[in-house]
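Subject: Structure for you to look at

Hello,

Here is the structure I promised to pass on. Could you open it and follow along with the notes below?

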Amino acid sequence: MKNPVCWVVLTGISIAFIQQGLPVRSQGESQSDNKQMDNITIRQGETLFLSCLQGDFVTHTAWLNRSSILYAGEDKWSVDPRVSLVTLNQDEFTIKIEDVDLTDEGQYICAVQTSSRPRTTSVHIIVQVPPKIVNLSKDLVVNEGSNVTLMCLANGKPEPAIVWRMIPSSDDSLGSDNEVLEIPFISRDKAGVYECTAANDIAVDTQTVELIVNFPPSISDGRDVGVTLGQRGVLLCEADAVPEADFEWYRDDRRIFNGFDGIEIEDDGALSKLTFFNVSEADYGNYSCVATNKLGSANTSIVLYVQDGNSGTSTVFTPTCLLLIVLLHLLLKF
């Protein structure tokens, strides 16, 4: 059974309890003590303890949140399961609110009715919320030269500060101290991972965006290769491209396929290898490597030349030179 309290009349922060059978006394008819405590700051998710001193000759007591009664003496009026009574005796009246949320922010009043006059103690609760990134640009794939805009939005209390940066990067221009990061005319060296950090006095939230920049192939200059007749020879072609390039090999405008005349072609990411397992005189000459992706193509020429195994000297044989060498060998036989 509840204590004989019918109503709580709230005027500002002055509270008078009206007992059954007793006349209502207005604020002007009785002196009251009103005390304002310092604000209490608490983090979201923590447990809040609210306590006030009772003193002698207390007849009624209650904790209120704004205009709602949480506890009147031992009787719980709040339907919130997070609110519970901790201590109630002649000296102390303490309740607690578990898992504090932003909706719990506001003014709380401890009202005490003594045999002579009412007394209230009020305190304002400030709930701090850790930052949380709620809207972030998705991973992007763009072509070189495009304008890129990255967005990062976060909630929190106090309002979080947002910082963009590329990781890792020593270029300060690849960052921003606000929600938007703009990269005009993006180049391939600006591809990578970008980090958004939202921070306030409570905590830090971090998320990342991957930015892929497509660009056409560029091929390193081919290195000519000298091989002794009958030995193994390898021509290398390396191309930088996103997406990765497809390779084609040519000899005198004729495409070479894997397995053609005992030649092996092996592609591995940015590198293509053309391998001769037993170099013959017919293999010497000029070869072309072509790298292609959806944005363009590039090519380079590589010469396979004869290397004298004894002296270490080398000779480049064109098809005409090879024909003359064969005729010379035939004439020497007669």
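Let me begin with Asp 246, which counts as exposed because its relative accessibility is 57%, above the 50% that the term requires. Please keep in mind throughout that this is a predicted model.

Asp 246 sits in strand β22, which covers residues 246-251.

The peptide bond joining Val 242 and Pro 243 is cis, and its omega is about -5 degrees.

There is another cis peptide bond to check, this one between Ile 167 and Pro 168, with omega at about -15 degrees. Pro 168 belongs to the loop that runs between β15 (161-167) and β16 (175-176).

Phe 185 is not a glycine, yet its phi is positive, at about 45 degrees. You will find Phe 185 in the loop between β17 (180-183) and β18. Is Phe 185 buried or exposed? With a relative accessibility of 64%, Phe 185 counts as exposed, since the term applies to values over 50%.

Asp 261 also has a positive phi, near 50 degrees, and is a residue other than glycine. Its place is the loop between β23 (254-256) and β24 (263-268). Asp 261 is exposed as well, because its relative accessibility comes to 63%.

Finally, please turn to Asn 200, located in the loop between β18 (192-199) and β19 (204-219). Why does Asn 200 count as buried? Its relative accessible area is 14%, and buried means under 20%. What does the side chain of Asn 200 have beside it? One of its polar atoms lies 2.9 Å from the backbone nitrogen of Ile 202.

- the cis peptide bond between Val 242 and Pro 243
- the cis peptide bond between Ile 167 and Pro 168
- the positive phi of Phe 185
- the positive phi of Asp 261
- the side chain of Asn 200 and the backbone nitrogen of Ile 202

Thanks for taking a look, and happy browsing!

Best wishes

Notes. Residues numbered from 1 in each chain as written. Predicted model: local features only at pLDDT ≥ 70, side-chain atom pairs only at ≥ 80, totals over all residues. Heavy atoms only, no water. Helix = DSSP H or I, 4+ residues; strand = E, 2+ residues; numbered from the N terminus. Buried < 20%, exposed > 50% of the residue type's maximum accessible area, 1.4 Å probe, protein only. Polar contact = N/O pair within 3.5 Å; in protein donor to acceptor, adjacent residues only side chain to side chain.
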